[in-house]
Amino acid sequence: SKKDYSKAIKYLHVTKTLSLTNDEIIERSFKLGYAFFVKKRFSESKKEVQKVKEVNESEFYEPSNYYYGILEFFDDNYKSALGSFKRVENSNRYKHVIPYYVCQLYFAQGQYDELLSYGTEKLKNSNIKNRKEINQMIGQAYFERKDYKKALPYLEEFTDNSSKLREEDLYQVAYTQYQNKKYLAAIRNFEELTGLKNKIGQNALYNLADCQLRVGD
């Protein structure tokens, strides 16, 4: 309770020698797993929460599945991570944060149909977390399909709410604006990239020149 997780781990280990009830064993495993998670000892954390995540009558069923999902996500075990997240996506405790992880899992696997169906529906809920990033993933999915018209509002929503963008993100929204004939907006974004001595900078220069021609400059 005092968040002294190093000492918590030490004494929770000692309790292995005690005669505990089933409920106490479950509580011990979750709290030990959580303490390991906070201390970034992820493999040890996974071993402990894995013991709890199937006990659906326990008060620790939802949090154990949530943290197990994150741990499997860290290990690129996407199918397993998705299974745990789906178990608790309607939980009052986690329903606002789960959509971000689920969208990431779909995106990482190139499951764009699932991402678009799931993500666009979840964005209707104004309370979900990481809305900006979900907008970006949906926009990128449409971008990968060369559906620039549908990609545009999602990518612009992402960039409009981001204080700092990667070069790739800025190029992507600029190119999407260019494809939608929003040349003045595209010009502003391409101009941010023209100093780069790489492929992105070269492409930005070329597309910027075309935009300038199209606006009569």
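## Where two helices meet

Tyr66, Ile70 and Phe73 of helix 4 are in contact with Ile98, Tyr101, Gln104 and Leu105 of helix 6 (contact means heavy atoms within 4.5 Å; helices are DSSP runs of H or I, at least four residues, numbered from the N terminus). By class, this contact has 6 nonpolar, 1 polar and no charged residues.

Helix 4 (residues 61–74) packs against helix 6 (residues 98–108) at an angle of about 30°, and their axes lie 12 Å apart (axes are lines fitted to C-alpha atoms over the stretch in contact, with angles running from 0 to 180 degrees between N-to-C directions). That makes helix 4 roughly parallel to helix 6, a term for angles under 35 degrees.

## About the model

This is a predicted model, where local features need pLDDT of at least 70, side-chain atom pairs count only at pLDDT 80 or more, and totals for chains, interfaces and linings use all residues. Residues are numbered from 1 along each chain as its sequence is written, and side-chain values use heavy atoms, leaving out hydrogens and water.

## Charged pairs

The whole structure holds 13 salt bridges (a side-chain nitrogen of Lys or Arg within 4 Å of a carboxyl oxygen of Asp or Glu). In one of them, lysine 182 pairs with glutamate 156, with the closest N and O atoms 2.9 Å apart. This pair links distant parts of the chain, 26 residues apart: lysine 182 sits in the loop between helix 10 (167–179) and helix 11 (183–191), and glutamate 156 in helix 9 (residues 148–160).

Lysine 182 is partly exposed at 35% relative accessible area, whereas glutamate 156 is buried at 17% (buried means under 20%, exposed over 50%, partly exposed in between, with a 1.4 Å probe and protein chains only).

Notes. Angles under 35 degrees count as roughly parallel, over 145 as roughly antiparallel, 65 to 115 as roughly perpendicular and the rest as oblique. Ala, Val, Leu, Ile, Met, Phe, Trp, Tyr, Cys and Pro count as nonpolar, Asp, Glu, Lys and Arg as charged, and the others, Gly among them, as polar.
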